[in-house]
Amino acid sequence: MAGLVVTMAIRPLVSMLMNKASSSLLDQYKVMEGMEEQHKVLKRKLPAILDVMTDAEEQATAHRDGAKAWLQELKTVAYEANEVFDEFKYEALRREAKKNGHYRKLGFDVIKLFPTHNRVAFRYIMSRKLCLILQAVEVLIAEMQVFGFKYQPQPSVSKEWRQTDYVINDPKEIASKSRDKDKVEVVGTLLRQANNADLAVVAIVGMGGLGKTTLAQLIYNEPGIQNHFQLLLWVCVSDTFDVNSLAKSIVEASPKKNDDTNKPPLERLQKLVSGQRYLLVLDDVWNREIHKWERLKDHLKHGGMGSVVLTTTRDEGIAKIMGADTHILRHLDDRFLKEIIEAGAFSSVEKKPAELVEIVDEIVKRCSGSPLAACALGSVLRTKTTVKEWKAIASRSSICTEETGILPILKLSYNDLPSHMKQCFAFCAVFPKDYKIDVAKLIQLWIANGFIPEHKEDSLETIGQLIFDELASRSFFLDIEKSKEGWEDYSSHTCKIHDLMHDIAMSVMEKECVAVTMELSEIELLGDTARHLFLSCEGTEGILNDSLEKRSPAIQTLICDSHVRSSLKHLSKYSSLHALKLCLGTESFPLKPKYLHHLRYLDLSYSDIKALPEDISILYNLQVLDLSDCHDLERLPRQMKYMTSLCHLYTHGCWKLKSMPPGLENLTKLQSLTVFVAGVPGPDCADVGELHGLNIAGQLELCQVENVEKAEAKVANLGNKKDLSQLTLRWTEVGNSKVLDKFEPHGGLQVLKIYSYGGECMGMLQNMVEIHLFDCERLQILFSCSAIFTFPKLKVLILEHLLGFERWWQIDERQEEQTIFPVLEKLFISNCGKLVALPEAPLLQGPCGEGGYTLVRSAFPALKVLKMKELESFRRWDAVEETQGEQILFPRLEKLSVKDCPQLIDLPEAPFPALKVLKMKCLGSFQRWDAVEGTLFPELEKLSVQKCPKLVALPKAPKLSVLEIEDGKQEIFHCVDRYLSSLTNLTLKLEMEPEIPSYSYEAKMLQLILWSGCTRAMGLFCTSWRAGN
């Protein structure tokens, strides 16, 4: 594999060195005093090296060992030189902080923090280092003349990619069509195991890049599969088949994972699957050791009848070892490959040039039937515009063989990248295969390591996002998802890398990137060349301590994805770190800030620390500080205002934090601050007014608003920050407040969340996309204004624990009827004891008969999800009691959940044309489904009725597949037979007589549980079922 990809991402390292050597900061604080001549010589000679690098790379690609060795030495020198200039930069920042009084504020022995603080000593040490770098550069220049490297202009990177509005080419949509036959066949195989008492194994076998994982995902997400299995699990196995680690991964993948974390993983696994009909997907299996599979299988076979393991593998022999029913995945049909290539090569809006389209058929033949290869070629062709360039690609792609597979095409795709993109992607080799990568953190790691080229017009984060988008459009990243988890549903994007693309990255980085995930024996891989480490296994501290005792690698990135519970040793050997992630199981920070001068990225999220050391404020280069979910953290360093490079400070989930340190207005580069805790005003506490001049973007939560002086003006200022998209305001307890009475944020603020506000009314929030109100017990009216209004953008409205909430709005002047919530899609109302009805619905025209219409009312014409819970007074679906016969309509409602509404008698007198899921629970007065012309629920798929004692009938629902009745009347039993043609899952728990046991019945795909005192009724049901089948 290493021979296939020899293009090394070295040019960005040299360019980075040139930028550092030319920094104005060095001259401003005279940190190179006495070394000016060497500095000038170095700045003159670096461009000469860059001039010949293109030729050197081409010769290395042509397998000239001398050129490859020269590039390798250049990389080593560039790394060392970059580190030297990082020391110069830090010295400049140190002098700036000293000028601003940092030493005096710290009150520590300065010599202990800055061993080279003396200018004479610093000049002596650094001049020697600079001379060694200069000597190494002169040797490289002499050698490049011997090798005869010639000047070749570096192809200018087109800026068009920065403005292109493209759609990321995801082959899954095409795969859903092209692999439909395969999907149907495998789904059928899985479902036919329903009566099989033994554990079944089904294997999808095919070469890399054919789409085995994509097919498995299509099968996994198939509704029939989701309904059939009680438990669905997905785990990527990849290279290492460690039974205990794999068992732990399977348990952790389950939403039903048990809490017996102290028990052996295999025991936890057996408990998880016991009695459950489950589907377990083991993706990308390479293990050929049968005893490992048998050991795992011994614990998996305790599942319920019909359980299946679905595996994907490139090796049919592995399928035989696992005793699998094999499904061979064939090459993708050429017409689908052509569709994928054209989707990547051409813009969706531009006309496809006929002369280029003709060449596509020739290129399709080079893809070896692989959709991944088609994606890669399509992305390469997107940057080519002439027939000559396209034909060159077609000819260069013809070297695929049965042995190499599609790797040559992927190599071509990688080599076509601009140099800075090559470096960014190659860095991803630090992550294990199938690892879910946080996109924002990946970009921050790129920045921390200096991989992002600076641009005057855009921030590094913006350029990093554009680079990621471009790589994603070229299929280097896949499975890009938006996930919401943790604090306030903090949203993030994640991605993965295809295994073959990961192999490409590993071939470029070789042993510079090391990922240790399971076995401690992998420590032997941690050599002197290791620069980027990912550790996710037990005993992380031991790996680090043992390896650093014997070696001194210049580690730039250290990501520890498991807990560090004991002390780290050899602390001075961490001095090269640019990025560090630790999850600490200790109360204190284990490293010494005086050895972390180059640190740009520090992630301590989910750690048990109570405080950071005060001297951490000497990390003048630090750009990212992630303290999220450090639940025991009580305070931040008082001198944080001197950390002037800080761009991102994540403090969400730090529940014990009571205030922020003063002087935050000095952090002029700060872009992200997730939580600001307003403390009691004092000299050691920051005021929220300090954020006035800062360009905070994204999400911000202001806690303890009651401590903010002149809160109305300061909150209004937060609402007007143009790059802020989500604002959360949290009071500790409900009190008298009018802060939000006239609150009108700017149009860019999309999400507003408010906790424990003490006002009786809200200001106008007409530009919001989401509004969440929690525990605002004094709030009586949501909105009050002088004239009719509307919320043209509002899609989500959540109202929870508003004990005084009675009316939706108060309008002084009534005008024509208007829909207040025209685009609202989700409405959740909970624990609002005084609310009687939904808002008044305007009168609209609805279709009726052939070309006719009728008058209907709809307050929520776009609503898709409605959940109502614990509404003691709720009894009407419209605020107007007399609707004059008009129907209350929910035309797009798909999910309706009503729980603990004791006064609700019925549903609206209108059909629900789009409703698919209806859940009703604890409705003591609900007794009827109002008769309407036609079918009430034409699309209903799932109906759950629990503890509705007065309900004795069920509605018509021709597509109902899941029916759950709990604590219902026995009369309901006679309604069940109307659904037999569509039901796949039936659960009845009716009023029961204690002396009569429960009954169970299964037939085909029907699951039936009967809790009943009516044997005769069950007999009638069974007779009816047999008659219909």
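Predicted model: local features only at pLDDT ≥ 70, side-chain atom pairs only at ≥ 80, totals over all residues.

**Entry 1: Trp-808 and the cores**

I began with Trp-808: leaving aside its neighbours within four places in sequence, Trp-808 is in contact with Ile-781, Leu-782, Phe-783, Leu-797, Leu-799, Leu-827, Ile-829, Leu-835, Ala-837, Leu-838 and Pro-839. Contact here means heavy atoms within 4.5 Å. Residues are numbered from 1 along each chain as its sequence is written, and side-chain values use heavy atoms, with hydrogens and water left out.

Which residues touch the most other members of the largest nonpolar core? I found Phe-676 and Trp-808, in a core of 146 residues. Another core lies apart from it, with 73 residues, including Leu-407 and Phe-477. A nonpolar core is a set of buried Ala, Val, Leu, Ile, Met, Phe, Trp, Tyr and Cys residues joined through side-chain atoms within 4.5 Å. Buried means under 20% relative accessible area, exposed over 50%, and partly exposed in between (1.4 Å probe, protein chains only).

**Entry 2: Aromatic rings**

I searched the whole structure and got 27 aromatic pairs. Rings of Phe, Tyr and Trp (its six-membered ring) pair if their centres lie within 6.5 Å; planes under 30 degrees apart count as stacked, over 60 as edge-to-face and the rest as tilted. Phe-821 and Phe-860 have ring centres 5.7 Å apart and planes at 20°, so I noted them as stacked. Phe-821 sits in the loop between β24 and β25, Phe-860 in the loop between β27 and β28, 39 residues apart. Both Phe-821 and Phe-860 are buried.

I then looked at Phe-890 and Phe-912, a stacked pair with 6.0 Å centre to centre and 5° between the planes. Phe-890 is in the loop between β29 and β30 and Phe-912 in the loop between β30 and β31, so this pair ties together parts 22 residues apart in sequence. Phe-890 is buried at 3% relative accessible area, and Phe-912 is buried at 2%.

Trp-808 came back too: ring pairs link it into a cluster with Phe-783, Phe-791, Phe-805, Trp-809, Phe-821 and Phe-860.

**Entry 3: The open sheet**

What is the strand order of the open sheet? I read β2-β3-β4-β1-β5, five strands with parallel pairing. The edge strands are β2 and β5, each pairing on one side only. The twist averages 15° from one strand to the next. Seven bridges join β2 to β3, and Leu-233 has Leu-280 as its bridge partner in β3. Two strands pair if DSSP finds at least two bridges between them. Helices (H or I, at least four residues) and strands (E, at least two) are DSSP runs, numbered from the N terminus.

Ser-475 has a positive phi of about 70° although it is not a glycine. I placed Ser-475 in the loop between α24 and β7, and at 6% relative accessibility it counts as buried. Tyr-606 also has a positive phi, of about 65°, without being a glycine. Is Tyr-606 buried or partly exposed? At 48% relative accessibility, Tyr-606 counts as partly exposed.

Last, I checked Ser-413 in helix α21, which is buried at 1% relative accessibility.

Definitions and conventions. Axes fitted to C-alpha atoms, helices over the stretch in contact; angles between N-to-C directions.
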